[in-house]
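This report walks through one protein model, part by part. Please look at the sequence and structure below before reading on.

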Amino acid sequence: MAKGDKQSPIEINSKDVKHDSSLSSWHASYDPGAAKTILNNGRTCRVVFDDTFDRSVLRGGPLTEPYRLRQLHLHWGSSDLHGSEHIIDGVKHAAELHLVHWNPKHGNFAGALKQPDGVAVVGVFLKVGKTLKPEMKRILEEIENIKTKGKEAPFLHFDPSILFPKCRDYWTYHGSFTTPPCEECVTWILLREPIEVSSDQMAKLRSLSKNGENEPLCPLVDNWRPPQPLKGRIVRASFK
Ligand SMILES: Cc1cc(C)cc(S(N)(=O)=O)c1
Ligand SMILES: [Zn+2]
């Protein structure tokens, strides 16, 4: 699959994007009670949600049905100058937050991975500014407890929609997971407006380790995949 013609991430060039006035706005209605745990799996920091029923859902935008929130995770660099997976008009952001949702009409997540309309991932860019993002504090404070690979901690009462920027403009295209086996089952919804975090908050993210507790220290950084060939795909914009 990783050699398919609908791979992610991609570079987005505004001049090649098509404004689609038929694209509606997207809506996330998340139940804070669905948040369960936060985990360092050695590749990223992931927050897992209860997705056993339509409890936290994403609807609208390019989606024709509601998709259930399953997990969120991030990709970041070894410096503030890079780290995002998608690149916009040549700009690399310091990090990229992914909220992964799946289409319950396919029965379960494993089934959804096999379908072109199985998964929807909302991508939010993180840029470094002077101000910190208070809404990121919950996740970053928990990092102390999941420093090494395999560490997991309870993560309750959290509504990730507080992380969204004010502006709801987005790009959308059909692609894949950015980690192997890179199934081509993802409708990407990339938010145009980055959220601002502080350099200290980015440093906190970079303090995670790839290694297990009693193994040599290996910083968890640069967990992003480089851009993949567009192969003729059209990227649509909800905005002019
Ligand atoms: C590891 C991983 C799992 C899942 C479900 C999704 C992704 S991504 N980066 O494509 O959003 C990565
Ligand atoms: Zn991701």
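The sulfur of Cys218 lies 17 Å from the closest cysteine sulfur, in Cys45, which is too far for a bond. A disulfide here is a pair of cysteine sulfur atoms within 2.5 Å, and the structure holds 0 disulfides. Cys182 is likewise in no disulfide, the nearest cysteine sulfur, that of Cys185, being 10 Å away.

The model is predicted: local features need pLDDT of at least 70 and side-chain atom pairs count only at pLDDT 80 or more, while totals for chains, interfaces and linings use all residues. Residues are numbered from 1 along each chain as its sequence is written, chains are lettered from A and ligands numbered from 1 in the order in which they are written, and side-chain values use heavy atoms, with hydrogens and water left out.

**Chain and record**

UniProt, in an unreviewed entry, places the feature "domain: Alpha-carbonic anhydrase" at residues 1-239. Positions from UniProt are given in the numbering used here, feature names are shortened, and annotations may be inferred rather than shown by experiment. Over residues 1-239 the chain is 7% helix and 31% strand, and its end C-alpha atoms are 31 Å apart. Helices (H or I, at least four residues) and strands (E, at least two) are DSSP runs, numbered from the N terminus.

**The zinc site**

Which residues are the protein donors of the zinc ion (ligand 2)? They are His73 (NE2), His75 (NE2) and His98 (ND1), lying 2.0 Å from the ion. Donors are N, O and S atoms within 2.8 Å of the metal (3.2 Å for Na, K and Ca); water is not among the atoms, so sites may look incomplete. The 4 donor atoms around the zinc ion (ligand 2) subtend angles of 100 to 117°, which makes the arrangement tetrahedral. For four donors, that term requires all angles to lie between 85 and 135 degrees.

Along the sequence the donor residues are spaced H-x1-H-x22-H. His73 belongs to strand 7 (residues 67-76) and His98 to strand 9 (residues 95-102), so the pair ties together parts that are 25 residues apart in sequence. Both His73 and His98 are buried. Buried means under 20% relative accessible area, exposed over 50%, and partly exposed in between (1.4 Å probe, protein chains only).

**Nonpolar cores**

A nonpolar core is a set of buried Ala, Val, Leu, Ile, Met, Phe, Trp, Tyr and Cys residues joined through side-chain atoms within 4.5 Å. The largest such core has 44 residues, of which Trp76 and Leu99 touch the most other members. Strand 7 supplies the largest share of this core, 5 residues. Another core lies apart from it and has 22 residues, among them Val17, Trp102, Val121 and Tyr173.

**Accessibility of selected residues**

| Residue | Relative accessibility | Class |
|---|---|---|
| Val119 | 0% | buried |
| Cys182 | 2% | buried |
| Ser209 | 6% | buried |
| Cys218 | 32% | partly exposed |
| Ser29 | 36% | partly exposed |
| His157 | 62% | exposed |

Val119 is in strand 10 (residues 119-128). Contact means heavy atoms within 4.5 Å; leaving aside neighbours within four places in sequence, the contacts of Val119 include Tyr67, Val100, Trp102, Phe109 and Cys185. Val119 and Phe109 are 10 residues apart in sequence, and their C-alpha atoms are 8.4 Å apart.

Ser209 sits in the loop between helix 3 (199-205) and strand 15 (236-237). With neighbours within four places in sequence again left out, Ser209 is in contact with residues including Asn40, Lys147, Leu217 and Cys218.

Ser29 is in strand 3 (residues 26-29). Not counting residues up to four places away in sequence, Ser29 touches Arg55, Ser56, Val57 and Arg59. Its C-alpha atom is separated by 20 Å from that of Phe125, 96 residues apart along the chain.

**Backbone details**

Most residues other than glycine have a negative phi, and most peptide bonds are trans. The peptide bond from Ser8 to Pro9 is cis, with omega near 0°, and Pro9 is found in the segment before strand 1 (11-12). Another cis peptide bond joins Pro180 and Pro181, where omega is about 5°.

Pro181 lies in the loop between strand 12 (170-175) and strand 13 (186-191), and Cys182 is also in the loop between strand 12 and strand 13. Cys182 has a positive phi, near 55°. His157 has a positive phi as well, near 50°, and is found in the loop between strand 11 (152-154) and strand 12.

Notes:
Four donors count as tetrahedral if all angles lie between 85 and 135 degrees; four count as square planar and six as octahedral if opposite donors are over 155 degrees apart and all others between 65 and 115; anything else is irregular.
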